[in-house]
Structure formats: structure tokens, C-alpha cells
Amino acid sequence: YLDLLKMETEPPSNEINVPSTAAAPQKLQKVKKKLNPEEIRERNITWLLNIGVIFLLIGGLFVATSNWESMTSFMKSGSIAVVALLFYGTAFLTRKVLKIEKTAFAFTVLGSLFLPIFILSLGWFGLLGPYLSIDGEGRYLLGMLGTLLPIMVYYLFAKNLGSRLFVWFTYVSISLGTAFLLANFHLKIDLFYLGMMVFNAIFIIVYHQVKHKESFKLFTTEFIPYVQVNLVLCTLMMLFLYDNQVLYSFNLLLTAIIYLSMMYVSGRKE
């Protein structure tokens with residue numbers, strides 16, 4: 001009885017589970033801050049869409065408040081270069097910060113496509129002089145020089161990103177650069193086509209030398225389908241650069257030999 005009376009007269013104990021109640025809001029806050037990967041992805045996409053909207057607003061404001069014709073030639077080409085750099089910068093931000101690989105790759109492709117456009121604009125606006133202009137005598141040399149920078153950039157992206165698309169960009173740039181280089185010598189149409197067939201033959205020889213090297217595997221894998229497309233591309237370049245009819249005979253025989261050599265080197269009969 002005395003024990004019960006003592007318990008009733010004693011003040012209530014101060015040992016209340018305060019830490020658990022005090023820690024609860026902190027734990028709750030930590031749970032709120034932690035997002036799962038899908039939520040992080042949605043947040044990143046939302047931010048990217050917001051950035052895209054801002055870019056569109058800036059672009060619309062620029063178009064609405066300026067006149068393209070009032071800009072100098074340097075400013076026009078500079079604007080195209082800035083667009084390319086802007087795409088590359090956005091791709092870097094998207095890959096490193098937002099962790100959205102596919103969107104970053106899309107921005108990288110867009111920036112890369114603006115590279116030859118920028119170089120073409122230099123010749124279009126005559127910033128490299130009258131010789132290296134669209135209507136100048138060195139217009140084919142301009143075309144060849146315009147493929148050098150894209151070839152290096154596309155090759156680096158192909159190696160770093162493991163991208164088949166940039167492998168094809170590299171191949172196409174090499175073919176176009178060779179075609180413009182041959183056209184710069186003002187060869188007759190048959191000699192031009194002969195030069196392009198020799199280029200294809202050298203391409204196949206190089207493939208035969210490096211096809212077993214692991215460092216070139218990404219490029220050698222795409223070589224067989226590309227070199228067939230390249231023969232068609234060479235013909236299109238011939239029709240684009242020359243405005244006369246083609247004497248087929250010897251050149252078509254060379255084309256057939258190229259195809260037969262492809263069968264021998266690759267072991268494929270397509």
C-alpha cells in the first residue's frame with residue numbers, strides 16, 4: 001500500500017521518448033529528399049524542357065526584334081557557330097548534370113550537323129576571300145577543307161560514344177572530302193570517276209589491314225554496308241559536280257571489280 005501511495009504522490013517521470021519524436025521530423029525530411037531513379041529522371045526531363053522553352057523564347061525574341069539582312073556576314077556565320085556551341089554545351093550539361101544520355105546524344109548530333117553548315121556559311125558570305133567562296137575558283141577546295149574539321153570531330157565522338165551514327169558521319173565526310181579534292185583538279189568526268197574508284201579500292205585495302213584490330217572494330221563493323229553505299233554516293237557526287245553524260249564502259253568494269261574484291265575480302269556475297 002505504501003508503495004502504491006508513493007507512486008501516486010511522486011511527480012511524473014521525465015523519461016519520455018523525446019528522441020524518437022524529435023528525430024521523427026528529421027527522418028521524415030530525409031525521406032522526402034531521397035528520390036528514386038524514376039523521379040530523378042522525371043525531374044531532369046522537366047528541367048530540360050524548361051531550358052528548351054527558355055531557348056525557344058530567346059530565339060523567338062531574337063527573330064522578332066532583329067533582321068537577318070541587317071546583320072554583317074561575320075555576325076551571320078558567328079551566329080551559326082554559336083548555335084553549334086550551344087548544342088554542344090547543352091549536350092554536356094545534359095550528360096554530366098542531368099544524366100539523360102539519349103537527350104545528350106541528340107544535342108550532340110545537332111551540334112555536329114551545324115559544323116559543316118558553319119564552314120559552308122564562311123564560303124557563302126565570302127569571309128575566306130573571293131577564291132574560297134561558293135562562286136570562286138576554289139569552291140571545291142573549300143568543300144574539301146570543310147570536311148576536315150567534321151571528320152576529326154565525328155571520329156572522336158564515334159570513339160568516345162561508341163556511336164554507329166558518327167561512324168557513318170565520318171565515312172561520308174571522308175568520301176565527300178575526297179570527291180571535292182578530285183574535283184578541285186578540274187578533271188574530266190571519266191578521270192574523276194576513276195579517282196573515286198581508286199579511292200574505294202584504297203578504302204578496301206585499309207579495311208583488310210585493320211579489320212582484325214580491336215581499336216578499329218567499331219569502324220570495320222560498319223565498313224561492309226557503307227562501302228556499298230559509297231559506290232552509289234560516288235556516282236551521285238559525279239552527277240552533282242559534272243553536268244554531262246557519263247561514258248560508262250571502263251568505269252563500270254572497275255565498279256564490278258570493286259564489288260568482287262569486296263566479296264573476296266569480307267566473305268559475304270550480298
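In helix α5, the residues A104, F107, T108, V109, G111, S112, L115, I119, S121, L122 and G123 are buried, where buried means under 20% relative accessible area with a 1.4 Å probe and protein chains only. Helices are DSSP runs of H or I with at least four residues, numbered from the N terminus. The model is predicted: local features need pLDDT of at least 70, and side-chain atom pairs count only at pLDDT 80 or more, while totals for chains, interfaces and linings use all residues. Residues are numbered from 1 along each chain as its sequence is written, and side-chain values use heavy atoms, without hydrogens and water.

The expected span of a helix is 1.5 Å times one less than its number of residues.

| Helix | Residues | End-to-end C-alpha distance | Expected span |
|---|---|---|---|
| α5 | 24 residues | 35 Å | 34 Å |

Just after α5, G126 has a positive phi of about 70 degrees. Just after α7, H186 has a positive phi of about 55 degrees.

A nonpolar core is a set of buried Ala, Val, Leu, Ile, Met, Phe, Trp, Tyr and Cys residues joined through side-chain atoms within 4.5 Å. The largest one has 38 residues, and Y171, F192 and L241 are among those with the most contacts inside it. Two or more residues of this core come from each of α5, α6, α7, α8, α10 and α11. Apart from this core lies another of 5 residues, including L48, A91, L98 and I100.

Notes: Buried means under 20% relative accessible area, exposed over 50%, partly exposed in between (1.4 Å probe, protein chains only).
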